[in-house]
Amino acid sequence: MKFSSKQMIGENLLYLLVWTVIILVPVLNSEMLSEVQISLENILIAWLKIAPYLLIFIIHNSLIAPRLLLRKHRYVWYLIVNLLTITAVFSLVAIYEKYVPYDSEPYILNGKASFTDLAIYWNILLGFFMTGLNMGIKLLYRSLRDEQQMEELKRQNLQAEMDYLRYQINPHFFMNTLNNIHALIDIDTEYAKSAVIELSKMMRYVLYESGSETISLKKDIQFIENYIELMRIRY
């Protein structure tokens with residue numbers, strides 16, 4: 001449905017905006033600290049420290065959350081797999097930093113390290129918190145999509161009921177009116193001609209206008225008046 005695709009686009013744009021800001025933080029931080037020359041090496045190191053969070057987010061957003069929680073509601077498995085994924089990523093990062101040390105000092109400005117320069121258990125906790133926020137946003141957007149889908153289904157069901165009643169009533173009403181006009185021809189020819197015109201107006205309304213989402217009140221009133229005129233034939 002159109003509204004589902006719009007909700008998904010809005011959700012993805014939100015993620016893109018947040019990560020764009022996070023990626024720009026090292027650059028903006030260097031400018032705000034008034035460095036004489038922005039160190040590209042320090043910025044790249046900072047991006048390397050942000051990269052594990054981005055990797056965890058991509059895995060969680062595209063694989064873990066949709067397949068375990070949103071689709072199958074396996075809450076325990078979701079928590080286990082999510083925690084194992086976060087732990088595995090930061091364990092690999094710790095191994096990498098241990099055996100492949102940086103050639104230069106870590107990203108530290110004015111004695112303040114990057115927000116990712118934390119012990120592994122803090123990184124795991126922060127990663128778990130990040131995936132929790134991601135899950136909250138996904139549940140919020142899914143709730144909005146479900147609510148809109150329910151409203152759309154209600155509207156479609158109501159329209160289907162109206163169409164069903166219309167298809168039931170129209171042939172019956174049409175045949176009865178034709179029989180009444182046929183009987184009226186021998187009694188009052190001019191009235192019969194007027195009845196045919198009223199019937200044609202009603203059928204035009206039913207066939208071409210009643211299916212519209214909005215109908216003017218004037219046309220509704222005209223339809224009722226035409227119906228009343230035709231019903232008078234029976235009496």
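Mentor: Let's start with the term: a salt bridge is a side-chain nitrogen of Lys or Arg within 4 Å of a carboxyl oxygen of Asp or Glu. This is a predicted model, where local features need pLDDT of at least 70 and side-chain atom pairs pLDDT 80 or more, while totals for chains, interfaces and linings use all residues. Residues are numbered from 1 along each chain as its sequence is written, and side-chain values use heavy atoms, leaving out hydrogens and water.

Trainee: Which parts does the Lys138 and Glu11 pair tie together?

Mentor: Lys138 and Glu11 are both buried (under 20% relative accessible area; over 50% is exposed, in between partly exposed; 1.4 Å probe, protein chains only). The two are 127 residues apart in sequence, Lys138 in residues 120-185 and Glu11 in residues 2-32, so the pair ties together helix 4 and helix 1.

Trainee: How far apart are the closest N and O atoms of Glu11 and Arg145?

Mentor: This pair links distant parts of the chain too, with Glu11 in helix 1 and Arg145 in helix 4, 134 residues apart. Glu11 and Arg145 are each buried. Their closest N and O atoms are separated by 3.6 Å.

Trainee: Is Glu190 buried or exposed?

Mentor: Glu190 pairs with Lys193 in a salt bridge of 3.8 Å, N to O. Both lie in helix 5, three residues apart, about one turn of the helix. Lys193 is partly exposed, at a relative accessible area of 48%. Glu190 has 55%, so Glu190 counts as exposed.

Trainee: At what angle do helix 5 and helix 6 pack?

Mentor: Helices here are DSSP runs (H or I, at least four residues), numbered from the N terminus. Axes are fitted to C-alpha atoms over the stretch in contact, with angles from 0 to 180 degrees between N-to-C directions. For residues 189-209 and 217-233, the axes lie 9 Å apart and the angle is about 140°.

Trainee: What does that make helix 5 relative to helix 6?

Mentor: Under 35 degrees would be roughly parallel, over 145 roughly antiparallel and 65 to 115 roughly perpendicular, with the rest oblique. The angle is about 140°, which means that helix 5 and helix 6 are oblique.
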